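Subject: Structure handover

Hello,

Here is the structure we talked about. Please open it alongside this email; my notes follow below.

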Amino acid sequence: MSLISTAASGLSATQVVLNAISNNVANSSTDGYSRRTVTLTSVASGGVTASSVNRETSFYLQQQNWNSNADVGYYTDYSEYASYLEELMSSDSLNITTNLSTFYSALEAASASPDDDSLRTAVLTDAESLATSFNSLSGYLDEISDEVDSEVSSSMDTVNNLTSQIADLNAQITSLQSTGQDTSSLEDTRDAAITSLSSLVEIDVTQQDDGSYTITLPQGQTLVSGSSAGSMAWDSTNGLTVTYGSQTTSVSEEMSGSLGGLFAFVNDVLTPTQTALDDLASSVATALNDAQADGYDLDGNSGTDLFTWDSSDPAGSLAVVDSFTSDDLAFSGSATAGSGDNTNLLAMLDLASDQESTYTALVTKLGQLSSNASDSLTSTTALQSTLQDSLDSISGVNLDE
C-alpha cells in the first residue's frame with residue numbers, strides 16, 4: 001500500500017471518528033441518546049479503517065432501569081389517587097364525622113326542650129344535611145372511579161401504540177443490521193419506547209440474536225415478538241386481556257407499572273372505601289330508624305322511619321323520608337309521657353360515638369395507605385435515579401472527554 005493510500009485511510013477513519021464525536025456533542029443533552037464510539041482496525045496491507053460505530057450501553061442496566069421504571073409508575077398513580085381520596089374524605093365539607101357531630105349536637109340541644117319546634121326543626125335540617133353529605137361523598141367516589149376507568153382506557157391505547165412502534169423498529173433494525181448498517185439511532189428510539197412502555201406496564205425484555213427484542217408480561221403473555229405486536233384491553237366484564245395473533249388470554253391485574261397501580265388502587269382502596277361508606281350509611285340510617293320505632297312523636301304516635309335508601313347504593317341514595325316533619329321526631333319514651341319527655345332522644349344520643357369512630361377509623365386507614373404509598377414512591381424514585389446515573393455513566397456524553 002502506498003504512502004498516499006495509507007494517509008488517505010487514516011484521514012477517512014479520522015473523519016468517521018470526528019463524525020461520531022460531533023454527533024455526541026450535538027446530542028449531549030438529548031434524553032435517551034447513547035454515546036457513539038468508533039472501533040479502528042489496522043489493515044493488513046497498511047493503513048487503518050473504521051470497522052464499526054458502536055452504541056455504548058448496558059442491556060443489563062437497561063433492564064434494571066425498566067423494572068425500576070415500572071415500580072415508579074405503579075406508586076406514582078397509586079399514591080396520587082390514595083392521597084386525593086384521603087384529602088377528599090377528611091375535608092371539612094365532606095367529612096361525615098363532622099356532619100354526624102353536627103346532627104348529634106342538634107339532638108343534644110333538643111334534649112333540654114324536646115317540644116321546642118325550632119330545636120326539632122334544627123334536628124331535621126341536620127339530618128337532611130347528613131344524608132346530603134353521604135350523597136355528595138358517594139358521588140365524588142363514583143367520579144374517581146370513572147376517572148380511573150378513563151385513565152386505564154387511555155393507557156391501553158398508549159400501550160398498544162408503543163408495542164406497534166417497537167415491533168416496527170424491530171423490523172427496521174434487523175433488516176439494516178443484516179446488511180451491516182448502523183442502527184444506533186433506531187435502537188435509541190426503541191429503548192425510549194420501551195422506557196415509556198415500562199412505566200405503564202411491567203414487562204420482561206429479551207434480546208434476540210438478530211437484534212430484535214421480545215417483550216412479554218410477567219405472566220408470560222407476549223406483547224412484542226420480532227415485527228409482530230400484541231394488544232391489551234380491559235373492561236369490567238372480561239377484565240384485563242392480551243390478544244396476540246388469533247389468541248386472547250386473561251392477564252392478572254397484579255403487576256407493576258401505572259396500570260398495576262390503578263388496578264391496585266381500585267381493588268385495595270377505592271372499592272373497599274365505597275363499600276365501607278355504604279355500610280356506614282345504612283348502619284346510621286338503620287340505627288336511627290330503629291330508635292325512632294322505639295319512641296313516640298309529638299302527638300304521642302309511634303315513631304316512623306326518618307331515613308330511606310336504596311340497598312344497592314346506600315350512601316348515594318340516603319335521604320330523609322319525604323313526608324317526615326319535625327313533629328314526627330320520636331323523642332318521647334312512651335305515648336303518655338308527654339311532649340316534654342326526652343327519654344328516647346337520650347337513647348338516640350348513645351349512637352353517636354360508634355358511628356363517628358367508624359368513619360374516623362376509615363379515614364385513618366386511608367391515611368396510612370396514602371403514607372405508605374408515598375414512602376414507597378420516594379424509595380423507588382431514588383432507586384430509579386441511581387440506576388439511571390449508572391446507565392448514564394456508560395451511555396451518557398462527557399463533554400470534557
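A residue counts as buried under 20% relative accessible area, as exposed over 50%, and as partly exposed in between. Asp-149 has 32% relative accessibility, so Asp-149 is partly exposed. Keep in mind that this is a predicted model.

**Negative patch**

Asp-149 lies in helix α4. Asp-149 also belongs to a patch of negative charge on the surface. Which helix gives the patch its largest share? That is α4, residues 117–177, with five residues. Patch members need over 30% relative accessible area and no salt bridge. Asp-149, at 32%, is partly exposed.

**The open sheet**

Four strands make up an open sheet. Their order is β3-β4-β5-β6, and the pairing is antiparallel. Which strands stand at the edges? They are β3 (204–207) and β6 (228–229). Each has a single partner strand, so one side of each has no neighbour in the sheet. For β3, look at β4, residues 213–216: the two pair in the antiparallel sense over four bridges. Within this pairing, Thr-206 stands opposite Thr-214 in β4.

As a reminder, strands of a sheet pair through backbone hydrogen bonds, parallel or antiparallel.

**Two hairpins**

Strand β7 covers residues 231–235, and β8 covers residues 239–244. They run antiparallel and are joined by five bridges. Together β7 and β8 form a hairpin, with three residues between them. Two residue pairs are handy for orientation. Met-232 stands opposite Val-242 in β8. Asp-235 has Gly-239 in β8 as its bridge partner.

Strand β8 also pairs with β9, residues 247–250. Here four bridges join the strands, again running antiparallel. Thr-243 faces Thr-248 in β9 as its opposite residue. The strands β8 and β9 form a hairpin with two residues between them. What phi does Gly-245 take in that hairpin? A positive one, near 65 degrees.

**Contacts across the sequence**

- Asp-71 sits in helix α2, residues 59–90. Its relative accessible area is 28%, so Asp-71 is partly exposed. Asp-71 and Ser-376 are 305 residues apart along the chain, yet their C-alpha atoms are separated by 9.0 Å.
- Met-89 is in helix α2 too. Is Met-89 buried or exposed? Met-89 has 0% relative accessibility, so Met-89 counts as buried. Met-89 and Thr-273 are 184 residues apart in sequence and 10.0 Å apart in space, C-alpha to C-alpha.
- Ile-21 belongs to helix α1, residues 3–26. With a relative accessible area of 44%, Ile-21 is partly exposed. Between the C-alpha atoms of Ile-21 and Thr-37 the separation is 7.9 Å, and the two are 16 residues apart along the chain.

**Where to look**

Start with the negative patch and its five residues from α4. Then go to the sheet edges at β3 and β6. After that, follow β7 into β8 through the hairpin with three residues between the strands. Finish at Gly-245 in the hairpin of β8 and β9.

Best wishes

Terms used:
Residues numbered from 1 in each chain as written. Predicted model: local features only at pLDDT ≥ 70, side-chain atom pairs only at ≥ 80, totals over all residues. Heavy atoms only, no water. Patch = residues over 30% accessible without salt bridge, like charges linked within 9 Å, V, L, I, M, F, W, Y side chains within 5 Å. Areas by Shrake-Rupley, 256 points an atom, 1.4 Å probe, with all protein chains shown as cover. Salt bridge = Lys/Arg side-chain N within 4 Å of Asp/Glu carboxyl O. Lys, Arg positive; Asp, Glu negative; His and termini not counted. Charge placed at Lys NZ, Arg CZ, Asp CG, Glu CD. Buried < 20%, exposed > 50% of the residue type's maximum accessible area, 1.4 Å probe, protein only. Pairing = 2+ DSSP bridges.
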